[in-house]
Amino acid sequence: MDSNWLSYSLSDFLMFGPEVFLRLFVRINQDIWPWQGIAVIMVVAIGALLVRGDILARRGILLLMAAAWLWSGAGFLMEYYGPVNLPATWFGWAFVLQGALLTVVALVWRWDTVAEQSAMARWSSGIGWVVIMGLSPLLTVAQSGNWHSVALFAVTPHVTALGAVPCMLVLPRRIRWLFLLLPLVWGLFSVATLWTLGTRVLVVIPAATLALAVLALLFSPRRAQNRG
Amino acid sequence: MATELTRRKFLMALAATGLSLRLPSLMAASTGETITRTIPSSGETLPAIGMGTWRTFNVGGDQYLIDQRTDVLKTFFDLGGTLVDSSPMYGSAAEVMGEALDTLNARDKLFSATKIWTGDGDATREQDRASRRKWGIERFDLQQVHNLVAWQAHLETLQQMKANGEVRYVGITTSHGRRHGDFERIMEAEPLDFVQLTYNVLDREAEERLLPLARERGIAVIVNRPFQGGSLFQRFQSEPLPSWAGEAGCGNWAEFFLKFILSHPAVTCAIPATTKVEHMKENMGAMVGPLPDEQQRSQMADYVAGL
């Protein structure tokens, strides 16, 4: 290996500063206003479907997640983040592909049986998910000090990826790993980027995504698997 | 003959002493005299402070930030700057520069410098064309091979382009002190108008071989990372300037760092980057007034090393 590469640090590959990055959230919120309401409805709907928990609800969760991957990939990543950070465009395509694949799975996968979950488990997963999706967008506000930078699920990729990992548990185990790869790689990329940018508060979101994705890959509960 | 020292005489003498200390700087400022340097290969003069765009002009389609950067560029031109340096590596910086130049209608004030940054040795002209389109200019004043990437092929094409009048000057770049050995060999073997390298009060490796070689070979030198990517301010801004800084022509830390660089006889131009108009004004202040002499340069380096 060329020893010259050892002299490079992550900051040598980052061509923008924290001001530009945090402005991305402000800009997209300004541009899509008042359609943020759809993102809020999606969060509540996914929470409700997690509580319901049957096969139809699972299809609904996957379709809504697919829409979130598509929206945040084609919107935030390709249109806003990509012009200042080229890898974000590549991730944008990956998010779109993930959304398309998830749509196919949601529509065509045949669940023969679904393990029963207790009402308590369903309610806590649904409410827990909504609470996390409600609070994590505020981390960009804490970082920037600007309410307009709130990072909504389905609109912005970091919160979308975080919210996606628990939702992937509704997938049959034999294909679940496929949909956890992108959150894993995105989490790694974002931790490195946000740490180098110095936006340390925001690192919490991709770090949590990364940890959850690893846990989901290593410890997939058998009760959620497809027994068909 | 004894002269009585009155309060009035004392104050007048004090004022005169203070004025004399600042006189060279004041004279330069009042006459609008700026520090310029000559490009050895042509004899053309350049203002000694240019502007870099690394990280600062890559703001994408953010109109609010584009307007802010346009103000920075306007200040740069208003205060006598001409050389602006960028690279295709810097994301949207070239498009933003093009938009700012459109707004200011200031292409006649510009000495445009960019780089070829691609591992494809056949893509030199294509990348030059793409950069010209983004900047909105007919040709670049200076095209450089970025970090020596595929340098043989790019340099050969750039020399042909120069001969055809498609670019005025040709150069190579490095940063962070990387590949100085290769850099030196290319400087010795190739006919270059410019080299760009990292040099500042802490990173002084270039003084050993590259800067003397540039003088010997008649190559203009652009200095990047004059503030070490901003870290010099983070480290030293809370510290006081030395009491003798005024004598060396330095009224603030920006001038201190930049005048240290400009006072090296091989240096043609330093290219600090900033996002703020106030910082641009401070940077351009280094282009006015006296420069430190050799003894003061040593004092400056020793002072910073001792902090």
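A salt bridge is taken here as a side-chain nitrogen of Lys or Arg within 4 Å of a carboxyl oxygen of Asp or Glu. The model is predicted, with local features requiring pLDDT of at least 70 and side-chain atom pairs counting only at pLDDT 80 or more, while totals for chains, interfaces and linings use all residues. Residues are numbered from 1 along each chain as its sequence is written, chains are lettered from A and ligands numbered from 1 in the order in which they are written, and side-chain values use heavy atoms, with hydrogens and water left out.

**View 1. The salt bridge between Asp62(B) and Arg23(A).** The closest N and O atoms of Asp62(B) and Arg23(A) are 2.6 Å apart. Asp62(B) belongs to the loop between β3 (51–52) and α2 (63–78) of chain B, whereas Arg23(A) belongs to helix α1 (residues 18–32) of chain A, and the pair therefore joins two chains. Helices (H or I, at least four residues) and strands (E, at least two) are DSSP runs, numbered from the N terminus. Both Asp62(B) and Arg23(A) are buried. Buried denotes under 20% relative accessible area, exposed over 50%, and partly exposed the range in between (1.4 Å probe, protein chains only).

**View 2. The interface of chain A and chain B.** In this interface, 15 residues of chain A are in contact with 19 residues of chain B, contact meaning heavy atoms within 4.5 Å. The two chains bury about 1,500 Å² between them, 45% of it on carbon and sulfur atoms; buried area is the accessible area (1.4 Å probe) that two parts lose on being put together, summed over both. The rule finds 3 salt bridges across the interface. Glu19(A) and Arg69(B) also meet through their side chains in a salt bridge, at 3.1 Å from N to O. The side of chain A that touches chain B comprises 7 nonpolar, 4 polar and 4 charged residues. A polar contact is a pair of N or O atoms within 3.5 Å; within protein, one must be able to donate a hydrogen and the other to accept it, and residues adjacent in sequence count only if both atoms are side-chain atoms. For the classes, Ala, Val, Leu, Ile, Met, Phe, Trp, Tyr, Cys and Pro count as nonpolar, Asp, Glu, Lys and Arg as charged, and the others, Gly among them, as polar.

**View 3. Helix α4 of chain B, with Asp128(B), Arg132(B) and Thr124(B).** A salt bridge of 2.8 Å, N to O, connects the side chains of Asp128(B) and Arg132(B). These two residues are 4 residues apart in helix α4 (residues 124–135) of chain B, and about one helical turn separates them. An α-helix has 3.6 residues a turn, so residues three or four places apart point the same way. Asp128(B) is buried, at a relative accessible area of 1%. Thr124(B), in the same helix α4 of chain B, is likewise buried, at 1% relative accessibility. Leaving aside residues up to four places away in sequence, Thr124(B) touches Ile116(B), Ala153(B), His154(B), Thr157(B) and Leu158(B).

**View 4. Further salt bridges in chain B, at Arg209(B) and Glu184(B).** The side chains of Arg209(B) and Glu184(B) meet at 2.6 Å, N to O. Arg209(B) is in the loop between β8 (194–198) and α7 (210–217) of chain B and Glu184(B) is in helix α6 (residues 180–189) of that chain, so the pair ties together parts that are 25 residues apart in sequence. Arg209(B) is partly exposed, at 44% relative accessible area, whereas Glu184(B) is buried at 17%. A network of salt bridges links Arg204(B), Glu207(B), Glu294(B) and Arg297(B). Over all chains, the structure holds 21 salt bridges.

View 5. The side chain of Trp177(A) reaches the backbone oxygen of Arg174(A) at 3.1 Å. Trp177(A) and Leu217(A) are 6.1 Å apart in space, C-alpha to C-alpha, and 40 residues apart in sequence.
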